[in-house]
Amino acid sequence: MSAERANRVLIFAPIGRDGPASAELFRGANLKAVNCRGLPELVTEMTAGVGAVFLAEEGLFGKDTAPLAQWIASQPPWSDLPFVVLTSHREQPAVVAWRRSIVELLRNVSLLERPVQPITLTSAIQSAIRARRRQYEIRALLEAREQTAQELEKLVVERTRELKEANEQLRLEMNERTRVEETLRQAQKIEAIGQLTGGVAHDFNNLLMVISGGLDMLDRQADPNRRRRLMDGMIQAAQRGASLTRQLLAFSRRQKLRPEPVDVAAQIGGMRELLDRSLRGDVHVEFDFPDSLWPVEVDPGELELVILNLAVNARDAMPNGGTIVVRGENLPSLNDDQISGDYVRLSVVDTGVGMAPEILSRVFEPFFTTKDVGKGSGLGLAQVHGFATQSRGTVRIRSEVGRGTRIELYLPRSFDVPLKERHLIDLTRIRPKKNNHGRILLVEDDDEVAALVGEMLGQLGYEVTRAASAAAALGALADGRSVDLIFSDIMMPGGMNGVELAREIKKRRSDIPVLLTSGYAEASVHEAQRAGVQILAKPYHIDELAAALSTAKSNLRLNTEPQRSGSR
């Protein structure tokens with residue numbers, strides 16, 4: 001709608017000369033005036049644009065005003081078109097009633113009674129035009145507000161889309177970072193185990209030498225005392241081999257950090273042999289842990305890996321040998337920019353070559369290393385930094401060229417009691433006497449292991465039947481064979497492992513207890529726990545086997561007794 005049309009005065013005075021005269025009057029006052037000859041033309045012109053309408057009331061007598069009423073009723077909220085109506089001086093009741101109805105129809109009405117002065121009529125029309133212009137201003141403001149709202153809504157939609165894309169990208173980056181960090185940890189573990197390979201191979205060969213040589217000499221000795229010494233040597237060798245295997249498996253585990261209360265002195269003190277294997281003979285390790293040292297809240301396996309990494313780095317920094325000191329200190333109410341609270345500072349101090357400032361500033365970067373090719377990947381200190389951060393602590397390093405390096409781990413104090421360390425049971429204890437304890441179905445695919453375990457079970461007083469696979473075990477049960485307990489390896493050929501066998505046995509014979517064993521129990525421990533089955537870790541000795549068998553039978557009785565009492 002043009003501005004010219006929006007300011008027009010529409011005239012509807014079809015009787016006499018009121019129409020042409022008023023149009024001439026309005027044009028003389030610089031108003032755009034249009035004289036309409038009928039109501040349909042008036043409604044059409046109003047739709048095209050109008051500032052005010054001048055009506056002579058007699059022109060509406062007997063006319064169909066429905067289109068006009070519909071136009072007025074359908075005005076937008078901002079619009080209230082002003083009408084100036086020229087009336088007569090007649091006051092008959094019928095005329096007054098009709099005039100009242102016209103006022104209600106037109107709504108925004110100014111009444112002028114004949115005779116009217118030209119200046120009065122012109123002034124009324126100009127006032128109506130000004131009121132209409134204010135309505136147009138309101139319309140413009142409403143349209144601007146609507147446009148702004150639409151633009152804002154569009155902006156919100158666009159911003160929401162951008163935020164969604166940014167969040168999705170952030171989620172992908174976080175997932176990728178988690179994957180890279182896990183890969184970093186595993187790569188570092190592989191490197192750490194690589195550092196151990198030579199020493200571990202040497203130690204295992206020594207252990208095998210003691211065992212194989214002892215067995216060879218055992219049949220050649222008639223003296224009971226010498227036989228006993230040979231047996232004790234082989235037992236100790238087996239004990240050391242089991243300890244070394246557990247440590248290597250702990251390093252190779254793929255799992256998230258699982259913090260728990262840890263006695264630092266006991267945990268790191270138990271690494272003495274592992275550190276000795278990883279370091280040269282001219283590098284010595286000293287522990288300095290006060291008796292009052294607090295426990296810390298960390299993953300114990302990762303803590304050991306961190307200490308091993310730092311010890312290997314310290315060894316490489318001392319080409320001519322030296323001393324590594326591992327020290328623990330309590331730091332109550334520590335408060336700095338990074339951490340606050342009670343912390344334990346665990347320091348690894350060497351007397352090596354030290355580092356220059358430009359190297360010191362990059363030591364925590366993944367894959368940054370000053371070592372020769374093949375001597376290290378640069379993952380060690382990055383893993384140390386990640387461990388400290390994930391453990392709600394931090395790591396700091398102090399070094400000076402020619403004066404050694406001090407790496408400090410700040411780990412949060414734990415107010416819980418650490419779990420007691422599980423010590424190996426002395427293998428030299430007196431063996432139990434043979435009694436008739438029942439019938440055991442032994443499920444083991446390895447012939448040599450099956451023969452040895454069969455002897456151990458026989459020594460404990462059990463009658464043993466062997467099955468070489470899970471399928472064979474189920475077949476033996478299907479034959480109706482009398483069995484008091486099933487003792488099965490977890491890893492077996494044939495498509496069904498020990499845990500799956502235990503589940504199937506529970507379905508068929510819930511009255512038979514099941515005990516599982518494995519050389520790598522961690523691989524199935526969670527699955528076995530869900531199935532409610534106990535696992536005995538290999539290697540084990542006869543006393544541990546006896547205790548595990550007793551526990552398995554006791555657990556079955558505890559699980560079945562409430563059901564029996566409830567059925568009575």
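Four bridges join strand 16 (residues 514-518) to strand 17, and the two run parallel; pairing requires at least two DSSP bridges between strands.

The model is predicted, with local features needing pLDDT of at least 70 and side-chain atom pairs pLDDT 80 or more, while totals for chains, interfaces and linings use all residues. Residues are numbered from 1 along each chain as its sequence is written, and side-chain values use heavy atoms, without hydrogens and water.

Next I traced the sheet: five strands, open, parallel pairing, order 14-13-15-16-17. Strand 14 (462-467) and strand 17 (534-537) are at the edges with a single partner strand each, so one side of each has no neighbour in the sheet. I noted an average twist of 25° from one strand to the next. Helix 13 (residues 447-459) packs on this sheet and touches strand 13 (438-443), strand 14 and strand 15 (485-489) (contact: heavy atoms within 4.5 Å). The direction of helix 13 makes about 165° with that of strand 14; angles run from 0 to 180 degrees between N-to-C directions, with axes fitted to C-alpha atoms, for helices over the stretch in contact.

I then checked confidence: mean pLDDT (the predictor's confidence in each residue, from 0 to 100) is 81 for the chain, and 82% of residues reach 70 or more. I found pLDDT below 50 over residues 421-434, a stretch with 26 contacts beyond near neighbours in sequence. Residues 563-568 are also below 50, with zero such contacts.
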